[in-house]
Amino acid sequence: MQGRKINVPPLESFGILALLSVLIAAPAFLIIRLLEPGFVPPAFSILLFSEAAIAAIVARATHIRRNPENVTLWGIAGAFTMMGCAAAMLSEPDQELRFFEQLVEQHPDTPL
C-alpha cells in the first residue's frame, strides 16, 4: 500500500487561528452578556470589522502571500469582513443610533 501525503498546515496557522478565536470569543461573550439585545448586532459588526482590520494589518506586516490552497490571514480577514457585513445588515439604523447615543451619554465630557 502506498502512503498518502497529507498536507498539514504549519503550527503557526493553528496558533494564529487560536489567538483570533480568543480575541473574538471574549468580547463577543461580553457583548452578549452586557448589552441590551437590540445593541448586540451593531456592536458585533463593529467587533468583526475591527478583527478584520487587525487580521489584514498583521497579514500585511508579515508579508503573507495570498495562497488559494491554504487558509491565510487574508482569508480570515475576508471572512470577518463578510460576517461583519451580515451583522450590520441584521441591525437596524435606529439600533445603531441608540447604541452611539448611549456611548455619548456615558462620556458627556468627551468632545465630538
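In the protein chain, residues 24 or more positions apart account for 62% of the contacts with a separation of 6 or more, where contact means heavy atoms within 4.5 Å. The chain has four helices and zero strands, and its pattern along the sequence is α-α-α-α. Helices (H or I, at least four residues) and strands (E, at least two) are DSSP runs, numbered from the N terminus.

This is a predicted model, in which local features need pLDDT of at least 70, side-chain atom pairs count only at pLDDT 80 or more, and totals for chains, interfaces and linings use all residues. Residues are numbered from 1 along each chain as its sequence is written, and side-chain values use heavy atoms, with hydrogens and water left out.

**Surface and burial**

- The protein chain exposes about 8700 Å², and carbon and sulfur atoms supply 67% of that area. Accessible areas come from the Shrake-Rupley method with a 1.4 Å probe; for residues, only the protein chains shown count as cover.
- Buried residues make up 21% of the 112 residues in the protein chain. Buried means under 20% relative accessible area, exposed means over 50%, and partly exposed lies in between (1.4 Å probe, protein chains only).

**The largest nonpolar core**

- The largest nonpolar core has 17 residues, of which Leu-20, Ile-24, Leu-47, Leu-48, Leu-73, Ile-76 and Phe-80 touch the most other members. The elements that give two or more residues to this core are helix 1 (11–34), helix 2 (40–61) and helix 3 (73–90). Helix 2 gives the most, with six residues.
- A nonpolar core is a set of buried Ala, Val, Leu, Ile, Met, Phe, Trp, Tyr and Cys residues joined through side-chain atoms within 4.5 Å.

**Helix 2**

- Helix 2 has 22 residues, which should span 32 Å at 1.5 Å a residue, and its end C-alpha atoms are 31 Å apart, which agrees. The expected span of a helix is 1.5 Å times one less than its number of residues.
- The buried residues in helix 2 are Pro-42, Ala-43, Ser-45, Leu-47, Leu-48, Glu-51, Ala-52, Ala-55 and Ala-59.
- Ser-45 lies in helix 2 and counts as buried because its relative accessibility is 5%. The side chain of Ser-45 reaches the backbone oxygen of Pro-42 at 2.8 Å. Leaving aside neighbours within four places in sequence, Ser-45 is in contact with Gly-84, Ala-87 and Ala-88.
- Ala-56, also found in helix 2, is partly exposed, with a relative accessible area of 24%. Apart from neighbours within four places in sequence, Ala-56 is in contact with Trp-74 and Ala-77. Ala-56 and Gly-78 are 22 residues apart in sequence, and their C-alpha atoms are 8.5 Å apart in space.

**Helix 3**

- Helix 3 has 18 residues and reaches 26 Å from its first C-alpha to its last, close to the 26 Å expected at 1.5 Å a residue.
- Leu-73, Ile-76, Ala-77, Phe-80, Gly-84 and Ala-87 are the buried residues of helix 3. They cover an arc of only 100° around the axis, so they are on the same side of helix 3. The arc is that of the directions from the helix axis to the C-beta atoms.
- An α-helix has 3.6 residues a turn, so residues three or four places apart point the same way.
- Exposed residues Met-82 and Met-89 are carried on the face of helix 3 turned away from its buried side.

**Loops between helices**

- Thr-72 has its place in the loop between helix 2 and helix 3 and counts as buried at 15% relative accessibility. Thr-72 and Ala-55 are 17 residues apart in sequence and 9.6 Å apart in space, C-alpha to C-alpha.
- Ser-91 is in the loop between helix 3 and helix 4 (93–106). With a relative accessible area of 8%, Ser-91 is buried. The side chain of Ser-91 reaches the backbone oxygen of Ala-88 at 2.8 Å. Not counting residues up to four places away in sequence, Ser-91 touches Pro-41, Pro-42 and Glu-96.
- Glu-92 is found in the loop between helix 3 and helix 4 and is partly exposed, with a relative accessible area of 45%. Glu-92 and Gly-38 are 54 residues apart along the chain, and their C-alpha atoms are separated by 8.7 Å.

Methods: Polar contact = N/O pair within 3.5 Å; in protein donor to acceptor, adjacent residues only side chain to side chain.
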